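The sequence and structure are shown first.

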Amino acid sequence: MKKSLPTLAFLIALTAPLAWAEALQSEPTRADVVVYGATPAGIAAAVAAERAGASVIVLEHGTRIGGMMASGLGHTDVGDNRTIGGFAAEVFHRISEKYGVDHTFYFQPHVGAQVFDEILAATDI
């Protein structure tokens, strides 16, 4: 294992300048709005900006979008469901449609991820 570390360091040192040179030659990506984090709040901000006519880029440091709603939180505490509106109501409505019910706040995380994927796929984000 110790012998492979110097080799790895050498390969990184050898290829890093090439990657940097390639990055400098590419055109920068431009957008009116850049959102860091594809959590439900980040996706809501991005979709709202896009629906208002802005060009939007969402940056996500992980491999999944949807935050906890797509990664393990499948039960949302709601005192009075009439208080849920806007983008959150849209998301829960779409989740409910997946289960064939009028409204639900209990769902499997992969369903949450699917809904966020579908919402973003319907935009230019």
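Predicted model: local features only at pLDDT ≥ 70, side-chain atom pairs only at ≥ 80, totals over all residues.

A polar contact is a pair of N or O atoms within 3.5 Å, where one atom must be able to donate a hydrogen and the other to accept it.

**Overall make-up**

The secondary structure of the protein comprises four helices and two strands. Read from the N terminus, the order of elements is α-β-α-β-α-α. The chain has 125 residues, and 25% of them count as buried. Among contacts in the protein with a separation of 6 or more, 54% join residues 24 or more positions apart.

**Helix 2 and helix 4**

Two packed helices are described by the angle between their axes and the distance between the axes. Helix 2 covers residues 40-51 and helix 4 covers residues 109-121; their axes come within 11 Å and cross at roughly 20 degrees. Angles under 35 degrees count as roughly parallel, and helix 2 is therefore roughly parallel to helix 4. The crossing of the two helices is left-handed.

On the helix 2 side, the contact is made by Pro40, Ile43 and Val47, which meet Phe116, Ile119 and Leu120 of helix 4. Sorted by class, the contact of helix 2 with helix 4 has six nonpolar residues, with no polar and no charged ones.

**Thr123**

Thr123 lies in the segment after helix 4. Its relative accessibility is 15%, so Thr123 counts as buried, the cut-off for that class being under 20%. The side chain of Thr123 reaches two backbone atoms, as listed here.

| Side chain | Backbone atom reached | Distance |
|---|---|---|
| Thr123 | oxygen of Leu120 | 2.7 Å |
| Thr123 | nitrogen of Ile125 | 3.1 Å |

**Asp102**

Asp102 is placed in the loop between helix 3 (86-99) and helix 4. Is Asp102 buried or exposed? With a relative accessible area of 72%, Asp102 is exposed, because that class begins over 50%. Phe92 is ten residues from Asp102 along the chain, and the C-alpha atoms of the two are separated by 9.9 Å.

Terms used: Residues numbered from 1 in each chain as written. Heavy atoms only, no water. Axes fitted to C-alpha atoms, helices over the stretch in contact; angles between N-to-C directions. Parallel < 35°, antiparallel > 145°, perpendicular 65-115°, else oblique. Left-handed = near helix turned anticlockwise from the far one by under 90°. Contact = heavy atoms within 4.5 Å. Nonpolar A, V, L, I, M, F, W, Y, C, P; charged D, E, K, R; others polar. Buried < 20%, exposed > 50% of the residue type's maximum accessible area, 1.4 Å probe, protein only.
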